[in-house]
Amino acid sequence: LVDALLVCPVSEPQKDGRFLYLPDGQWFDFWDPQHSHEGNNELWAATPLDQIPVFVRAGSVLPIGPVQQYVGERTDERLTLHVYHAEGESISELYEDAGDGYGEQLRKQFRLSTAIGKRWSLEQQREGKFQEAYATYDLVIHGLPFNPTIVQIDDQPHKCSALGMALQINDIPNNFHTLQLT
């Protein structure tokens, strides 16, 4: 996630925003992902008291799990992957283990590929033996420039639904290999 997130805290009291510089690329507002901004620009970011400005680089896969009170507490059987659309190809990685520093581990690589027009795919490669607590993913795709008519997971048809300006696909097996939209 090092190059996927840009976090811009405000460190002065009584401030309602700040200017920040977005690096090269397209960036989505984490709190309102229907808004994206082109990089290599300075931007004013409003900062309500309950939100730190956070931006996500287009092409990133951002895993969001349930709030946990301690390492090892399992509160859900699914993980939500927020995918931020970008043209071309990009790679994101996820590392998982039991949280105690011992035992098995699991590395996942997500390769996002888009073609100009209406083809989109997400491939997952897994390496390791750690067994994650969740059996399925929910996928939320932000900034997709088309409405897909076909959703396939490992060559099998699957359903999707609109989630505001995003597309949501639920109950994806955690060991899927390829998800395609056309």
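Glu89 is exposed, with a relative accessible area of 53%; the scale runs from buried (under 20%) through partly exposed to exposed (over 50%), using a 1.4 Å probe and protein chains only. This is a predicted model, in which local features need pLDDT of at least 70, side-chain atom pairs count only at pLDDT 80 or more, and totals for chains, interfaces and linings use all residues. Residues are numbered from 1 along each chain as its sequence is written, and side-chain values use heavy atoms, with hydrogens and water left out.

Glu89 forms a salt bridge with Arg111, and the closest N and O atoms are 2.7 Å apart. A salt bridge here is a side-chain nitrogen of Lys or Arg within 4 Å of a carboxyl oxygen of Asp or Glu. Since Arg111 lies in strand β10 (residues 105-115) and Glu89 in strand β9, the pair ties together parts that are 22 residues apart in sequence. Strands are DSSP runs of E, at least two residues long, numbered from the N terminus. Arg111 counts as partly exposed, at 23% relative accessibility.

The structure holds seven salt bridges. Another one pairs Lys108 with Glu96, at 3.0 Å between the closest N and O atoms. Lys108 sits in β10 and Glu96 in β9, so this pair ties together parts that are 12 residues apart in sequence. Elsewhere, Arg78 forms a salt bridge with Asp138, with 2.7 Å between the closest N and O atoms. With Arg78 in strand β8 and Asp138 in strand β12 (residues 136-142), the pair ties together parts that are 60 residues apart in sequence. Arg78 is partly exposed at 27% relative accessibility, whereas Asp138 is buried at 9%.

Back to β9 and β10: they belong to an open sheet of six strands, ordered β9-β10-β11-β17-β13-β14, with antiparallel pairing. Strands β9 (88-97) and β14 (156-157) stand at the edges with a single partner strand each, so one side of each is left without a neighbour in the sheet. Two strands pair if DSSP finds at least two bridges between them. Two bridges join β13 (residues 151-153) to β14, and in β14 the bridge partner of Ile153 is Gln156.

On to the rings. The structure holds six aromatic pairs; rings of Phe, Tyr and Trp (its six-membered ring) pair if their centres lie within 6.5 Å, with planes under 30 degrees apart stacked, over 60 edge-to-face and the rest tilted. Phe19 and Trp44 have ring centres 5.0 Å apart and planes at 70°, so the pair is edge-to-face. Phe19 is in strand β2 (residues 17-22) and Trp44 in strand β5 (residues 41-46), 25 residues apart. Phe19 counts as exposed at 51% relative accessibility, and Trp44 as partly exposed at 43%. Phe28 lies in strand β3 (residues 26-29) and Tyr84 in strand β8 (residues 78-84), so parts 56 residues apart in sequence are tied together. Both Phe28 and Tyr84 are buried. Ring pairs also link Phe110, Tyr134, Tyr137 and Phe176 into a cluster.

His85 is in the loop between β8 and β9 and is buried, at 8% relative accessible area. Beyond its neighbours within four places in sequence, His85 is in contact (heavy atoms within 4.5 Å) with residues including Phe28, Trp120 and His142.

Technical notes:
Helix = DSSP H or I, 4+ residues; strand = E, 2+ residues; numbered from the N terminus.
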